[in-house]
Amino acid sequence: MKEGNTIRLYSLDEVENIFSKLGMSVCESYADFSGKPLSDNDIQLMVYSQKL
């Protein structure tokens, strides 16, 4: 890509799919460092995951 923003945003479903292929599980998801629950309007995604 020669121009534009190369940042890729992933949905929680996509992250869960990627992690499951790596043998990991998403335990919790948050919108920020305060632990705010994730909503459809949030662009930041934080996950707590574990290796299975």
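## Charges

The structure is a predicted model.

## Fold and dimensions

The chain contains 1 helix and 2 strands. Their order along the sequence is α-β-β.

The radius of gyration is 13 Å, whereas a compact globule of 52 residues would have one near 10 Å. Along the principal axes, the C-alpha atoms occupy a box of roughly 40 × 25 × 15 Å.

## Burial, surface and contacts

Of the 52 residues in the chain, 12% are buried. The accessible surface is about 4500 Å², and carbon and sulfur atoms account for 52% of that area.

Contacts between residues at least 6 apart in sequence were also examined: 34% of them join residues at least 24 apart.

## Salt bridges

Side chains of opposite charge can pair when their charged atoms come close. In the whole structure, 2 salt bridges are found.

One joins Arg-8 and Glu-14, with an N to O distance of 2.8 Å. Arg-8 is partly exposed at 45% relative accessibility, and Glu-14 is partly exposed at 30%.

The side chains of Lys-36 and Asp-42 also form a salt bridge, at 3.1 Å from N to O. Lys-36 has a relative accessible area of 37% and is partly exposed. Asp-42, at 22%, is partly exposed, because buried means under 20% relative accessible area.

Terms used. Residues numbered from 1 in each chain as written. Predicted model: local features only at pLDDT ≥ 70, side-chain atom pairs only at ≥ 80, totals over all residues. Heavy atoms only, no water. Helix = DSSP H or I, 4+ residues; strand = E, 2+ residues; numbered from the N terminus. Rg over C-alpha atoms; globule rule 2.2 N^0.38 Å. Buried < 20%, exposed > 50% of the residue type's maximum accessible area, 1.4 Å probe, protein only. Contact = heavy atoms within 4.5 Å. Areas by Shrake-Rupley, 256 points an atom, 1.4 Å probe, with all protein chains shown as cover. Salt bridge = Lys/Arg side-chain N within 4 Å of Asp/Glu carboxyl O.
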